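Please consult the sequence and the structure while reading.

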Number of protein chains: 2
Amino acid sequence: MIKLNQISTDAPPDLDKSEAKEQTKVYVERLGELQKMLIAQKKYSVLVILQGMDGSGKDGAAENVFKDCHPNSLRVISFKKPTEEEFAHDFLWRIHKNAPPKGMVHIFNRSQYEDVLIQQVHKWIDNERVKKRLESINAFEELLVYDNNTVLFKFMLHISKEQQEIELKQRLNDPEKFWKHNAGDWKEREHWDEYMRCYDEVLNQSSIPWTVVPVDQRWYRDYLIAKTMVETLEKLDLAFPPLQE
Amino acid sequence: MIKLNQISTDAPPDLDKSEAKEQTKVYVERLGELQKMLIAQKKYSVLVILQGMDGSGKDGAAENVFKDCHPNSLRVISFKKPTEEEFAHDFLWRIHKNAPPKGMVHIFNRSQYEDVLIQQVHKWIDNERVKKRLESINAFEELLVYDNNTVLFKFMLHISKEQQEIELKQRLNDPEKFWKHNAGDWKEREHWDEYMRCYDEVLNQSSIPWTVVPVDQRWYRDYLIAKTMVETLEKLDLAFPPLQE
């Protein structure tokens with residue numbers, strides 16, 4: 001049983017920062033190499049879900065961890081407020097459309113989980129629908145895995161409420177971050193405890209497990225995501241195909 | 001427990017043909033009226049799945065039953081051999097993309113069920129995958145129903161092996177039907193019994209039930225599909241919205 005308030009948002013105290021940063025570079029580079037095999041082999045697809053509160057560093061993770069991946073076969077999809085067309089469909093319609101084909105790495109910046117998080121927090125849907133949606137999400141993710149060899153990474157970017165305040169304030173003070181400022185983020189922050197309760201539910205109801213990533217130190221976020229991905233992908237039979245006659 | 005070989009492919013003997021044809025006209029017209037409310041109200045979507053062996057009259061059903069529907073809000077999607085892009089995804093990817101938005105009627109000429117029928121008959125997938133795909137289909141259809149108010153009609157067009165021969169031969173004799181002739185259909189016909197076994201499995205494993213439509217007489221096919229749809233849609237709260245201020 002996962003309880004986020006019992007999980008630290010800090011890097012482990014015994015991990016040396018500069019060593020971890022060196023190691024991250026190695027992982028990031030290796031991820032780029034593994035992606036080339038993925039492209040060449042066209043056997044697997046990779047889906048990386050980045051979920052987390054505002055300011056938890058989803059954009060930064062997408063920027064740093066995949067910097068040695070070839071952009072041809074890498075796509076970031078950011079799920080924002082649904083368009084009119086999306087809203088006229090079930091909640092998984094726009095998600096499924098963006099599922100990665102074999103050979104591709106897709107990064108979801110926010111995801112299907114928003115439809116059980118923000119929508120539950122604001123009571124736009126009732127508990128019965130939350131339950132059904134969680135079941136639909138499980139069935140959908142299992143489908144991607146068994147029917148399209150999708151390697152699914154689900155990272156919950158775990159930030160403390162104090163660190164979020166620092167991150168959101170930076171957007172008010174740094175001219176290069178003004179564009180990220182959104183008054184709505186401060187309003188969402190008022191629902192912090194309810195968000196944490198809903199995240200706990202999501203983490204515990206998922207049939208395909210999550211990796212909770214402590215992100216108060218950004219270097220540890222990149223380190224843990226890159227390490228997790230490389231270690232998992234190394235276990236597959238990724239390889240460059242032999243020369244075709 | 002449904003067994004297709006115990007279900008007649010003929011119209012019920014006590015149904016008068018010319019009366020049924022008159023009645024069909026009324027249903028078809030009423031379906032057009034109900035569709036206008038559907039378009040105006042944008043509360044429900046309608047998905048009509050037409051499945052059946054070659055020559056079972058899927059095209060004819062789509063042509064006749066919906067002739068009074070407005071083509072703006074009606075779309076027929078024919079699922080043929082997957083494209084390269086479709087094939088690089090899970091089997092439901094191309095299906096889900098074509099799910100109807102609210103206010104629309106979508107007709108699937110063949111459907112997700114081909115991926116457990118033809119693929120099972122030819123042993124392109126093993127039994128384990130058939131089972132998983134049937135579960136995925138159930139979860140997918142339930143999602144459309146609860147999360148997008150989709151009214152789902154699943155019609156299995158039930159033809160006899162003898163009548164199929166007549167239909168396929170017509171394609172060899174009628175110059176207006178030459179274009180429908182496909183030598184592959186005669187090859188698929190050799191697997192008739194295995195197809196029936198797989199259809200039985202599909203009919204019995206579906207959580208959302210099918211309507212088996214005897215189609216040896218085409219007038220009865222149109223009659224039963226139109227009747228079923230109108231009677232179901234009449235039970236909904238379809239209505240034209242009041243004037244907006």
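The lining of the second largest pocket comprises ten nonpolar, 13 polar and 20 charged residues. Ala, Val, Leu, Ile, Met, Phe, Trp, Tyr, Cys and Pro count as nonpolar, Asp, Glu, Lys and Arg as charged, and the others, Gly among them, as polar. The model is predicted: local features need pLDDT of at least 70 and side-chain atom pairs pLDDT 80 or more, while totals for chains, interfaces and linings use all residues. Residues are numbered from 1 along each chain, chains are lettered from A, and side-chain values use heavy atoms without hydrogens and water.

**Pocket**
- The second largest pocket holds about 1300 Å³ of space.
- A pocket is an open set of points on a 1 Å grid with protein on both sides within 12 Å along at least five of seven lines, whereas a cavity is a set where a 1.4 Å probe fits but cannot get out; lining residues have an atom within 4 Å of a point.
- Among the 43 lining residues of this pocket, Asp54(A), Lys58(A), Lys80(A), Arg110(A) and Asp185(A) are the closest to its centre.

**Cavities**
- Residues lining the largest cavity include His96(A), Phe140(A), His96(B) and Phe140(B).
- This lining has eight nonpolar, four polar and no charged residues.

**Helix pair**
- In chain B, the axes (lines fitted to C-alpha atoms over the stretch in contact, with angles from 0 to 180 degrees between N-to-C directions) of helices α6 and α9 come within 11 Å and cross at roughly 40°.
- Helices are DSSP runs (H or I) of at least four residues.
- Contact (heavy atoms within 4.5 Å) involves Val130(B), Leu134(B) and Asn138(B) of α6(B) with Glu201(B), Val202(B) and Gln205(B) of α9(B).

Technical notes: Helices (H or I, at least four residues) and strands (E, at least two) are DSSP runs, numbered from the N terminus. Grid points are joined across faces, edges and corners, and a volume is the space filled by probe spheres set on the points.
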